[in-house]
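Subject: Structure handover

Hello,

Here is the structure for you to take over. Please open it first, then read the notes under it.

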Amino acid sequence: MKRVAVLISGGGSNMLALLRSMEGAHPARPVLVASNDPAAAGLKRAAELGVPVAAVDHRPFRGDRAAFEAALLEPILAAEPDILCLAGFMRVLTPAFVARFEGRMLNIHPSLLPKYQGLHTHQRALEAGDAEAGCTVHEVTAALDDGPILGQARVPILPGDKAETLAARVLTREHALYPAVLRRFAAGDRTPLLLD
Ligand code: GAR
């Protein structure tokens with residue numbers, strides 16, 4: 001049974017999809033949800049599901065990423081996770097942090113990587129005139145949004161779409177993709193999963 005820690009920054013809808021997916025027969029179980037924002041709504045939702053939560057506010061560290069990560073590592077290491085899932089975690093992690101979890105840290109990104117690494121993915125897809133968008137789960141490496149792809153789901157871009165409407169359409173697919181990839185990953189399967 002693999003132990004999974006999930007890192008969030010906000011509402012945590014992907015985190016909830018992951019937690020719920022691990023409720024039944026599953027090769028993993030959640031051991032921690034941690035956030036860089038003590039006010040992240042997802043923390044309360046995770047606690048309501050009985051999952052241990054931790055918050056390490058990044059703001060007092062004033063840009064000292066190493067010090068912030070050292071503090072964040074404390075509850076993570078105490079939970080002894082085998083797998084770390086970034087789920088809307090909006091802090092860039094240093095190579096040293098990433099190296100600690102090499103090969104066992106996943107992230108979900110709201111674009112069809114390698115397109116649109118970084119922020120504002122939906123707006124950029126719309127401005128490019130793309131016919132489709134989607135989401136990607138990938139292994140986290142030191143390079144931002146650049147690690148090996150473990151799964152993707154596609155959605156059409158529809159006439160009249162705004163960034164918000166497209167984001168909502170992609171998010172519903174994120175909730176299907178991330179749990180499906182985690183289930184496979186926890187069972188040792190790293191072959192890319194393609195959902196329609
Ligand atoms: C999701 O769309 C996720 O893909 C994105 O933030 C949202 C978090 O929503 N992540 C990134 O942009 C990472 N660079 P959630 O808190 O409801 O899961």
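Below are notes on its salt bridges.

This is a predicted model, in which local features need pLDDT of at least 70, side-chain atom pairs count only at pLDDT 80 or more, and totals for chains, interfaces and linings use all residues. Residues are numbered from 1 along each chain as its sequence is written, and side-chain values use heavy atoms, leaving out hydrogens and water.

The term means a side-chain nitrogen of Lys or Arg within 4 Å of a carboxyl oxygen of Asp or Glu.

Helices (H or I, at least four residues) and strands (E, at least two) are DSSP runs, numbered from the N terminus. K44 and E48 are both exposed. Exposed is over 50% relative accessible area, buried under 20%, partly exposed in between (1.4 Å probe, protein chains only).

K115 and D130 also pair, at 3.4 Å from N to O. K115 is in the loop between strand 5 (105–109) and helix 5 (121–127), and D130 in the loop between helix 5 and strand 6 (132–139), so the bridge ties together parts 15 residues apart in sequence. K115 is partly exposed at 43%. D130 is buried at 16%.

R154 bridges to E132 at 2.5 Å between the closest N and O atoms. R154 is in strand 7 (residues 149–156) and E132 in strand 6, 22 residues apart.

Finally, salt bridges link D37, D57 and R59 in a network.

Best wishes
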